[in-house]
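Please read them with the sequence and the structure open side by side.

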Amino acid sequence: MLTALNEKNELVSLIQFSSREQLHCIHATSSFICSSCRSPVILKVGKIKTPHFAHRSRKNCPSSSEGETDNHLKGKKSLYLWLQSIGLNPEVEQVYQQIGRRADIAVHTGDQEYAIEFQCSPISSKVMLERSKDYYSLNIIPVWILSYEALQLSASGIIKFTEFHQQFLRYSETLKQYFLLSYSSEKNIFIIIYLISPISKHSFIVTVEHVLHQSFPFPKFPLTAISLNTDHVGSYILYREKWIVSRFKYNQGHKDHFLRKLYEEQETILLNPPWNGLPLCSNTYFVTHSCEWQTYLYLHMKKEKALTKERLLAHFIQLIKQKIIETRQLQINGSIDYAVKSVSEWLKMMELCHVVTKQGKMYFINDNCMKHKVETVEKRDEAVKNFMNKYMNDIINLYNAR
Ligand SMILES: [Zn+2]
């Protein structure tokens, strides 16, 4: 903790002390208690870790953050200084006795109070939801910021998001896409992650933007409309092809619903047409790979020959209910019907790529696509390349149009 009460019952914040000498001095002359549970705490001024208070014994503090990492202490401190620098009056470690919570930082703008939680260590979605609910019960809006240091981003722009990280994905109505807000306490910068394209259950191709502290307003974050580009799509397709090969190699035989379905329709995964598994905004909704859920839609259209959007949607929802298509646990905003959005986006894409034609209310697979056959695995590479050359711009334009 960065705050505690002194003998005079005054709240002492360590943020206001800049030198270690000052800290050693108050360490020698004052005693402190926790502002939440009022049990004794010790001021720790070491060589490595940010100076902080720790409970003498850890019993029953409702808002104890014992074992607090240095990353967390530093983050709280620099986020506090950031809010102050943009003209707000933040409070570090604000205690709310009614709900037994201590927000990392509390801040007001106008009539609205916000509780900022800088999250470094994994917590379950249940705990996160409960905390949020408690804040909302006091009309406080919780703002969750993930520690950038808790993320693993590779040089190639691939990021691993565990279930914990995925809880921080937020939907922007303006951008019509998910983004993730993180903060680096090492570098004092905000890192916003955009264009989140899943390539497997936990791996994503992303685009990252760094925004300096000083220029970052609150509470409205400065989101940038970053466009999908050919590099992103190229990389996405490369990973899709890898996924197809490994899906083929490690198949579970007849227990594998997807491969069985392909077999029944006289298709095989290695010779799947190149338009199954394109980068769509909707891909983020699903744990199931884009190649898989898009192929299910394609096979159904092919089988039915002519179909309305409503009938295709009904089939899609059925597959989701049966857990054949698995959705991601996202903060899916009530106003978005992700299944409707996914089917609409897919149909639009298929029309653009001349796979599907719409006549009145009916959708058909085009004749040349019905007969389309990739003959050998070697020829698939070529088919993918030709298809991407032909439709790269349409794919990018549709994604960016949202
Ligand atoms: Zn306490």
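1. Of the contacts in the protein chain with a separation of 6 or more, 62% are between residues 24 or more positions apart, where contact means heavy atoms within 4.5 Å. The C-alpha trace spans about 85 × 40 × 40 Å along its principal axes, and buried residues make up 52% of the 402 residues; here buried means under 20% relative accessible area, exposed over 50% and partly exposed in between, with a 1.4 Å probe and protein chains only.

2. This is a predicted model, in which local features need pLDDT of at least 70 and side-chain atom pairs count only at pLDDT 80 or more, whereas totals for chains, interfaces and linings use all residues. Residues are numbered from 1 along each chain as its sequence is written, and side-chain values use heavy atoms, with hydrogens and water left out.

3. The protein chain has eleven helices and 18 strands, which are DSSP runs numbered from the N terminus (helices H or I, at least four residues; strands E, at least two). It is divided into domain 1 (1-61), domain 2 (69-226) and domain 3 (230-401), with bounds that come from an automatic or database domain assignment.

4. The C-alpha centres of domain 1 and domain 2 lie 26 Å apart, and the contact between these two domains takes 13 residues from domain 1 and 13 residues from domain 2. Together they bury about 1,200 Å², 60% of it on carbon and sulfur atoms; buried area is the accessible area (1.4 Å probe) that two parts lose on being put together, summed over both. Leu 2, Ile 15 and Thr 50 supply 46% of the area that domain 1 buries against domain 2, more than any other three residues.

5. What is the count of salt bridges between domain 1 and domain 2? The count is zero, a salt bridge being a side-chain nitrogen of Lys or Arg within 4 Å of a carboxyl oxygen of Asp or Glu. On the side of domain 1 that touches domain 2, the residues divide into six nonpolar, six polar and one charged, where Ala, Val, Leu, Ile, Met, Phe, Trp, Tyr, Cys and Pro count as nonpolar, Asp, Glu, Lys and Arg as charged, and the others, Gly among them, as polar.

6. Lys 76, in helix H2 (residues 70-85), counts as buried at 2% relative accessibility. Leaving aside neighbours within four places in sequence, Lys 76 is in contact with several residues, among them Met 1, Leu 2, Glu 93 and Asp 104.

7. Most residues other than glycine have a negative phi, and most peptide bonds are trans. The peptide bond from Phe 218 to Pro 219 is cis, with omega near 5 degrees, and Pro 219 lies in the loop between strand S15 (203-212) and helix H5 (230-249). Leu 195, in strand S14 (residues 189-198), has a positive phi near 45 degrees and is buried, with a relative accessible area of 1%. Lys 323, which is placed in the loop between helix H8 (309-321) and helix H9 (338-352), has a positive phi near 65 degrees, but counts as exposed at 67% relative accessibility.
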